[in-house]
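Colleague: Could you take me through one part of this model up close? I would like to see how the pieces are put together.

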Amino acid sequence: MKRRYPPIKLSLLLLALSLIWRMLGAPVVPGEWKSLDVPFWQARILLPSRLERVMTLWCGQMGSKSETTDQHPSEEQVALLGAESSRPVTLQVWNAQAERLESMELEAYVYGVVAAEMPAAYHTEALKAQAVAARTRALYQQVGTGCSLAEGADVCTQSGHCQGYATAQSLADKWGNEYEIYQRRLVEAVSATAGQVLTYDGEPILVMYHAISGGRTEDVQAVFSQSLPYLVSVDSAGEEGIRGYREDTVFSLEEAAKRLNDLFPELNTTPDDLQKTLVIATHTATGRVETLLLNGREISGTDFRKALNLRSTLFTFTMDADSITFHQTGYGHGVGMSQAGANRMAADGEGYAAILSHYYPGTALERQ
Ligand SMILES: [Zn+2]
């Protein structure tokens, strides 16, 4: 039998598949693979919003525009999050970027923290766990000593100090065309958990979290020199698919020495010292670098990470004549909930309560 070329059906099928591939937000060129926030399979959450947009393009005002926009929470709805709560809580938030103190409704603040601290494409149950974590951290600080950056502040908007907080404007830039679907997901996650906090002995706990643990979280004692029964090391398997799970950072020996001296002038180190004397001395129980020796002087892994702005203390290094390469696994201090691990657990069918009790063992989920 004579075949027709080109095979029409096959071509149409390939065309349809590549359209779906694009609509999923799937990467085509290597650069796009690198910039994926979430494992590629998870990008499917974008499909409904993209289909909607394509339909609008092809079929005009499909069932009137107001109907579709009504499904999306407006800025007012974000601001009204938690307004029905029987005990509305107002926080004093130090806006570190604008350098002013702002009063903010707790749930609206939680929305901004989740948006800043976790990729909005993460699984819904992971977003809910993050919402509870963000709320708990804020209330812990409110009943405790607050934020030390400003007089009268409960929390600040600085990620490295209290928690990051994203404004509507920064989210418009960050989310672009996906703004509405991401906003809807986050509003759902925040309102589904409204008022819920993690407690230990009836009090809100000191919540810590980080992006990627690298397989096992760290005991808080190893990083912050205080021991807490609910911030202990737990298993966090299955994070490998996440972007940034393993990354190398290269410095010239000169640059590495300069950075170390900037933070620790007493080291007075040289590229030659690094080359000849730098060794990892001890590891913590989870395999992270606990101490290093440089010229016979001890440096903690945490300080070393800070000086060189490394992604984590879970690293090894290699050197050649004039450069040093750090092979890092994971991202962040490693204490408390791993966001990548939470996303993995959610993808495996676990709910946010199970995720939280895994990463903060011995705690209870309560309504405040
Ligand atoms: Zn702060």
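Predicted model: local features only at pLDDT ≥ 70, side-chain atom pairs only at ≥ 80, totals over all residues.

Modeller: Strand 8 and strand 9 run antiparallel, and four bridges join them. Strand 9 covers residues 289-294.

Three strands make it up, in the order 8-9-10. The sheet is open, and its pairing is antiparallel. Strand 8 (279-283) and strand 10 (297-300) are the edge strands. Each of these two pairs on one side only. From one strand to the next, the twist averages 30°.

A helix packs on this sheet: helix 13, residues 301-308. Helix 13 touches strand 9 and strand 10. Its direction makes about 75° with that of strand 10.

For a helix-to-helix contact, turn to helix 7 (residues 124-143) and helix 14 (residues 339-347). Their axes lie 7 Å apart, and the packing angle is about 135°. Angles over 145 degrees would count as roughly antiparallel, and 65 to 115 as roughly perpendicular. Helix 7 and helix 14 are therefore oblique to each other. Their crossing is right-handed. Helix 7 brings E125, A126, A129 and Q130 to the contact. Helix 14 brings Q339, A342, N343 and A346.

Note on methods:
Residues numbered from 1 in each chain as written. Pairing = 2+ DSSP bridges. Axes fitted to C-alpha atoms, helices over the stretch in contact; angles between N-to-C directions. Contact = placed C-beta atoms within 7 Å. Parallel < 35°, antiparallel > 145°, perpendicular 65-115°, else oblique. Left-handed = near helix turned anticlockwise from the far one by under 90°.
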